[in-house]
Structure formats: structure tokens, C-alpha cells
Amino acid sequence: MHRRDDEAVTSRGLSFGAAASAYEQHRPGYPQELVDLVLAYGRERREIRTALEIGAGTGKATRAFAGAGVVVTATEPDAAMLAELRRQVPEVETIHAPFEDVAVMRRFDLVFAAAALHWTSPEGRWERVAALLAPGGTFASFGGPVEIADARLRERVEQARARYVIDDDIPAPDGTDETSPMRWPGSELEASPLFTDVRQEHLARRLTLSADDYLAHLATISAYLQLAPAIRTAAFAAMGEALPGQVELSADLTVHLARLGAPTEPFE
């Protein structure tokens, strides 16, 4: 079980801007199946017409929901990432700010985070989400690691990189046991009196990349972005020697859904 180090998390969370264009090129987007799942859940209580996105990055999830007719307001703290998002999805409203500083100016049918919620501060997180949701509104968080599907190959690559980076996992944001059936943030949503009907869904996804493209993907991950350039180059060279020409990847998505329960007071 790992607990989050807030200083380290903040540093890693703000490291992506240096690789914004590579992030846009080499990070996978989100499937229509995910959008359909979220919208169907919301429709049980309230049609989803408007959404606020937490930490939108270059707009990978933004365009998926906007493409389904949802009017998305995208928030992003990193100026370079936001500039890339504006190039990719110019039609959406954007806010250059971390989630903690976003003013509660109106309520949305949906508040969602795509592989970004773990970068937000836990203090007041759920109160702020609740204050931004319309009555019966939906909260959604989704993401998951992109990792080598073959266990033996994955172990060889991990051994190759061990001299340079020990772990490229995202820091765990709470103390939820790794064997718990309900993963974070579902565990916190279940414990919160602000939300109801918490669900955890799993969407299987497989990708095939060339070795070069897989390494380019890794170069957009915070654990590698924070390495000194010479060390990063050496790490990628070592991993490249262990990789075949084509790499089969597991990129499954874990989706957490919840609904605003009792009406909330204005958030200060």
C-alpha cells in the first residue's frame, strides 16, 4: 500500500507541459464506449448537456464528450497543455487554473476527470465537486495504466529500466488497500455523504504500438519527464534493447461513477 506525497505529486502533476505536443501525439484517446457508459448512467436521473472537466490536459477526453454533443468547460493548470487543447478542441470553453482555484460560477450536469483526479488536492475535493454539480448530476473519473500485456516481457523491461527509474506508477492518492474490490476514488465516494449510487466499471482495451512509439508514449509519463535528460536517454536505450518490434499493450479503463445526493450549500 502506498500513500501519496503531496509535494511529489504536485511536482509530477505539473511536469507535462514540457511535452505537450508529444503528449497529444502519443497518449491514447478515449473510446465511444466510455462516453456512452457515462451518458447512460447520467440519463437515469438527469440528461447530460453540460460538463466541467478537471485537468483536461490536451483534450483527449474533452473531444470525446464534446463530440457527443456535451457542452464542455475544460480546466487545466498547465499553460502549454491548455494551448495544445485549444488547438485541438477550439470550440470548448477553457479555464486556465487548477481545479482548486476554479470558481463555482454555475452548476453542471457532469463533472469528470480523465486520468487527472489523482493530481488534485484531497482537501475539500468532494465538497467542490458537489458544489459544481446540478441536482442529480453525475461525477465520473476514469483512467488506467498502459502497460505491456505479456508478463514476461514486462518484467524484462522493468529489469532493464531498474538502474534509472524504479517505479513509473502514479502515486496512490489514499490508503485504499490494493486488494480492495472498490478502488479509489470509488472508496472515497462511497464514504462521502455527498454522493450516492457509486459504481465501478471496467472497460477492456488493447493497443499495439511499435517499440519506438511505445517509448515515445513512456516519454510523456511524469516519472520519466522528471529524469535528467542523460538518464532518461539511457533508460530508454536500455528498455529499447529489451523490446520487440511490436508491443502489445493492456490499456484497460476503470470508470467510477457517482451521483450528487442531497442538495449542497454554496462552496467557499
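This is a predicted model: local features need pLDDT of at least 70, side-chain atom pairs count only at pLDDT 80 or more; totals for chains, interfaces and linings use all residues.
## A partly exposed loop residue

Ala 115 is located in the loop between S4 and H6. Its phi is near 50 degrees, a positive value in a residue other than glycine.

A positive phi is also found at Asp 197, where the angle is near 55 degrees in a residue other than glycine. Asp 197 belongs to strand S7. With a relative accessible area of 31%, Asp 197 is partly exposed.

## The sheet

Seven strands make up an open sheet with mixed pairing, and their order is S3-S2-S1-S4-S5-S10-S7. S3 and S7 stand at the edges with a single partner strand each, so one side of each has no neighbour in the sheet. On average, neighbouring strands of this sheet are turned by 20 degrees against each other, direction ignored.

Strands of a sheet pair through backbone hydrogen bonds, and the pairing may be parallel or antiparallel. S4 and S5 run parallel and are joined by six bridges. Phe 112 stands opposite Ala 140 in S5.

Strand S3 comprises residues 93-96 and includes Thr 94. The side chain of Thr 94 makes a polar contact of 2.9 Å with the side chain of Arg 86. Leaving aside residues up to four places away in sequence, Thr 94 touches Ala 74, Leu 82, Leu 85 and Arg 86.

Helix H5, residues 79-88, lies across S3 and strand S2 (71-76). H5 runs at about 175 degrees to S3.

## Helix H6, a mostly covered element

Helix H6 spans residues 125-132, and seven of its eight residues are buried. These buried residues are Arg 125, Trp 126, Arg 128, Val 129, Ala 130, Ala 131 and Leu 132.

The cover over the buried residues of H6 includes strands S1 (50-54), S4 (108-114), S5 (133-143), S7 (195-203) and S10 (253-260), together with helix H8 (186-191). H6 packs on the sheet, where it touches S1, S4, S5, S7 and S10. The direction of H6 makes about 130 degrees with that of S5.

Trp 184 and Pro 185 are joined by a cis peptide bond, with omega at about 5 degrees. Pro 185 is situated in the loop between H7 and H8.

## Helix H11 and its two faces

Helix H11 has 14 residues, 229-242, and at 1.5 Å a residue it should span 20 Å; the C-alpha atoms at its ends are 20 Å apart, which agrees. Ala 235, Phe 236, Ala 238 and Met 239 are buried in H11. They cover an arc of only 160 degrees around the axis and therefore lie on the same side of H11. In general, an α-helix has 3.6 residues a turn, so residues three or four places apart point the same way.

On the face turned away from the buried side, H11 carries the exposed residues Pro 229, Ala 230, Thr 233 and Glu 241.

Key. Residues are numbered from 1 along each chain as its sequence is written. Side-chain values use heavy atoms; hydrogens and water are left out. Helices (H or I, at least four residues) and strands (E, at least two) are DSSP runs, numbered from the N terminus. The expected span of a helix is 1.5 Å times one less than its number of residues. Buried means under 20% relative accessible area, exposed over 50%, partly exposed in between (1.4 Å probe, protein chains only). The arc is that of the directions from the helix axis to the C-beta atoms. Contact means heavy atoms within 4.5 Å. A polar contact is a pair of N or O atoms within 3.5 Å; within protein, one must be able to donate a hydrogen and the other to accept it, and residues adjacent in sequence count only if both atoms are side-chain atoms. Two strands pair if DSSP finds at least two bridges between them. Axes are lines fitted to C-alpha atoms, for helices over the stretch in contact, and angles run from 0 to 180 degrees between N-to-C directions.
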